[in-house]
Amino acid sequence: MSATTIPGKHVDIRLWTQPETVEGQAMRQLQNIAALPWVFKHVAVMPDVHYGKGATVGSVIAMRDAVSPAAVGVDIGCGMSAVRTSLTTNDLPASLAKLRSDIEAAVPVGFAAHKAEAFTGRDAKDWPTFWKAFDDLTPIVRRNEGKAHQQMGTLGGGNHFIEICLDEAKQVWVMLHSGSRGIGNILAQHHIEVARKLAHNQDLPDRDLAVFLAGTPQMVAYRHDLTWAQEYARRNRAVMLRLVCEVLRKQFWQVKFDEPISVHHNYVAEETHFGEQVLVTRKGAIRAGRGEMGVIPGSMGTGSYIVRGLGNPDSFESAPKRQGGVVASNA
């Protein structure tokens, strides 16, 4: 599918969907983003684009020497993890009730947390170093360190989910969707408010699009906290995936697991595009460099997708939703 180009005030908007299908609020947001003087080349818009806080969900924004916290979202590092198992549909019992209850017992949901730390050396070898970095986060989260420890390996609420699902070959997959939990939300809200008060953001068409500029202490603080929260989200999914796989091992002792796939879809990355180094925010989109594996979640009752990136430069090597070959779908 080729992109449709709409002129913007500073850069163009390139949509991998028909413009008439984009709700009015979302289109106004895209025009506001395209008017920002720091935006590089164009704004890339995914087919499932919809209205969000500040920046549109389903947008990919590259900036020179600037970043907008709202273009990441408040669940920093939210994303997907998936692993294919050696099980097939023939290995599953008629009822999955026990499997479901065991998973629910292993992974807390909503506001719940583990009663004791669930992460171990099987998930990562450098936990002391990771947690020591907590001391350097913005002071507003200091009192939340214990909670962050116990929420490591928890699902959260909203549209986050854990699934045991089948692909088209009837192979069993474990798939989950979650992010940086409460700690990432606190950090994101704090930095969005800091950005809104900066002098260079006062005349923006939407103050929720406030940016931090390179070389400022506010940018340094945000990128430090952002990097830690993105890593928290990645580890959170890894711990959950291990907990779910342990449940499967107890019921199916012969099960084996492929190498997991893990991707963020609310995050910032420093990348090179069109010959320039830029900061790319993906909000409701994944990186899809050529050959890179990705996971695109479905909604309730619809299929999820395992995809392989094509490295499209015009989308800043990002994955449009519902594009590419489908090799995994919800059971």
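Residue numbers start from 1 along each chain as its sequence is written. Because the model is predicted, local features need pLDDT of at least 70 and side-chain atom pairs count only at pLDDT 80 or more, while totals for chains, interfaces and linings use all residues; side-chain values use heavy atoms, with hydrogens and water left out.

**Stop 1: the whole chain**

Show the chain as a cartoon. Along the principal axes, the C-alpha atoms fill a box of roughly 60 × 45 × 35 Å. The radius of gyration is 20 Å, which agrees with the value near 20 Å that a compact globule of 331 residues would have. That radius is taken over C-alpha atoms, and the globule rule is 2.2 Å times the number of residues to the power 0.38.

Of the 331 residues, 53% count as buried (buried is under 20% relative accessible area, exposed over 50%, partly exposed in between, with a 1.4 Å probe and protein chains only). Among contacts (heavy atoms within 4.5 Å) between residues at least 6 apart in sequence, 69% join residues at least 24 apart.

**Stop 2: the second largest pocket**

Select R100, I103, I162, E163 and I164. Of the 16 residues that line the second largest pocket, these are the closest to its centre. The pocket has a volume of about 460 Å³. On a 1 Å grid over the protein atoms alone, a pocket is an open set of points where a 1.4 Å probe fits, with protein on both sides within 12 Å along at least five of seven lines, and lining residues have an atom within 4 Å of a point. Grid points are joined across faces, edges and corners, and the volume is the space filled by probe spheres set on them.

Next, colour helix 2 (97-106) and strand 7 (161-167), the elements that give two or more residues to the lining. Strand 7 has the largest share, with five residues. By type, the lining divides into 13 nonpolar, no polar and three charged residues. In this scheme Ala, Val, Leu, Ile, Met, Phe, Trp, Tyr, Cys and Pro are nonpolar, Asp, Glu, Lys and Arg are charged, and the others, Gly among them, are polar.

**Stop 3: D65 and A66**

Is D65 buried or exposed? At 56% relative accessibility, D65 counts as exposed. D65 sits in the loop between strand 4 (57-63) and strand 5, and has a positive phi of about 55° although it is not a glycine. Most residues other than glycine have a negative phi.

Step to A66, in strand 5 (residues 66-67). A66 counts as buried because its relative accessibility is 0%. Leaving aside neighbours within four places in sequence, its contacts include W38, F212 and L279. Pick A214 too: its C-alpha is 5.7 Å from that of A66, although the two are 148 residues apart in sequence.

**Stop 4: A210**

A210 lies in the loop between helix 5 (181-196) and strand 9 (212-213). With 2% relative accessibility, A210 counts as buried. Beyond residues up to four places away in sequence, A210 touches V67, S68 and P69, among others.

**Stop 5: I286 and E317**

Finish at I286 in strand 13 (residues 286-287), which is buried with a relative accessible area of 3%. Not counting residues up to four places away in sequence, I286 touches residues including V263, I296, V307 and E317. Select E317 last, in the loop between strand 15 (305-308) and strand 16 (318-319); its phi is near 55°, a positive value in a residue other than glycine.

Note on methods
Helices (H or I, at least four residues) and strands (E, at least two) are DSSP runs, numbered from the N terminus.
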